[in-house]
Amino acid sequence: LYQSVMFLPYFLSWIIVSYLAYSLFSIESGFINKTIIAGLGMEPVKWYFEPKYWPFILTFFQLWKYTGYNVVVYLAAITGIDGEYYEAAEIDGANAVDKFFKITIPAISPIFFFNLVTGTINSLNTSFALIYPLTGGGPGKATQVMSLDIYVNAFKNFRMGYASAEAVILFAITAALSLLQFRLAKKWVYYEA
């Protein structure tokens with residue numbers, strides 16, 4: 001039951017997540033503002049008009065959506081570690097901390113690496129699906145990310161060439177970060193021999 005509840009946000013579409021964010025942070029009818037007004041007797045916070053709040057709100061919803069997925073993947077990886085490694089470490093006198101850092105972490109490092117690469121790619125490319133229905137890039141341009149800018153230039157301003165150039169740049173950034181992660185992974189990712 002706990003794993004299902006943790007995994008549930010991963011199945012929600014970004015439109016539903018953005019509607020949930022709106023229902024929490026709306027000035028007039030948002031749950032958080034109603035709580036602030038009723039519980040603390042303060043003025044409602046104008047979340048949508050303050051650019052300083054949006055990096056935290058967007059980060060929270062990105063983490064909320066993908067944390068359950070990562071937890072289930074890590075749990076599957078940890079339960080897949082052969083118990084003989086732990087038994088051998090106990091015979092050698094290893095305590096729980098030693099077993100965690102010398103057996104568990106190296107054994108799940110390929111899974112950690114996979115989640116790191118896919119998380120980086122998702123954060124660069126799927127942020128559009130949350131930001132566009134929620135803020136449209138506002139307030140001002142506080143939440144204007146590159147994927148949203150590609151959409152605006154291509155389908156609102158009809159600057160297809162400019163949007164294509166931005167898409168190539170976004171691809172190059174994503175590829176460069178992925179290649180850097182693969183290169184650095186040789187130092188800390190351990191595969192069974």
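Is Phe-113 buried or exposed, and what is its relative accessibility? Phe-113 counts as buried, because its relative accessibility is 6% and the cut-off for buried is under 20%. Keep in mind that this is a predicted model.

Now look at the partner of Phe-113. The ring of Phe-113 pairs with the ring of Trp-188, and their centres are 6.1 Å apart. Their planes stand at 80°, so the pair is edge-to-face. Edge-to-face needs an angle over 60 degrees. This pair links distant parts of the chain. Phe-113 belongs to helix 6 (residues 96-125), while Trp-188 belongs to helix 9 (residues 160-188). The two are 75 residues apart. Trp-188 is partly exposed, because its relative accessible area is 28%.

Some rings join into a cluster: ring pairs link Phe-7, Tyr-10, Phe-11, Trp-14, Tyr-66 and Tyr-69. Find Tyr-10 and Trp-14 in that cluster. Then find Lys-65. Its charged end sits over the ring of Tyr-10, 5.9 Å from the ring centre. The charged end of Lys-65 also sits over the ring of Trp-14, 5.1 Å from that centre.

Which side chain of opposite charge is nearest to Asp-149? The nearest is Lys-141, 5.3 Å away. What does Asp-149 touch, leaving out residues up to four places away in sequence? Asp-149 touches Gln-144 and Glu-166.

How values were computed. Residues are numbered from 1 along each chain as its sequence is written. This is a predicted model: local features need pLDDT of at least 70, side-chain atom pairs count only at pLDDT 80 or more; totals for chains, interfaces and linings use all residues. Side-chain values use heavy atoms; hydrogens and water are left out. Rings of Phe, Tyr and Trp (its six-membered ring) pair if their centres lie within 6.5 Å; planes under 30 degrees apart count as stacked, over 60 as edge-to-face and the rest as tilted. Helices (H or I, at least four residues) and strands (E, at least two) are DSSP runs, numbered from the N terminus. Buried means under 20% relative accessible area, exposed over 50%, partly exposed in between (1.4 Å probe, protein chains only). A charge sits over a ring if NZ of Lys or CZ of Arg is within 6 Å of the ring centre and within 35 degrees of the ring normal. Lys and Arg count as positive and Asp and Glu as negative; His and the chain ends are not counted. A salt bridge is a side-chain nitrogen of Lys or Arg within 4 Å of a carboxyl oxygen of Asp or Glu. Contact means heavy atoms within 4.5 Å.
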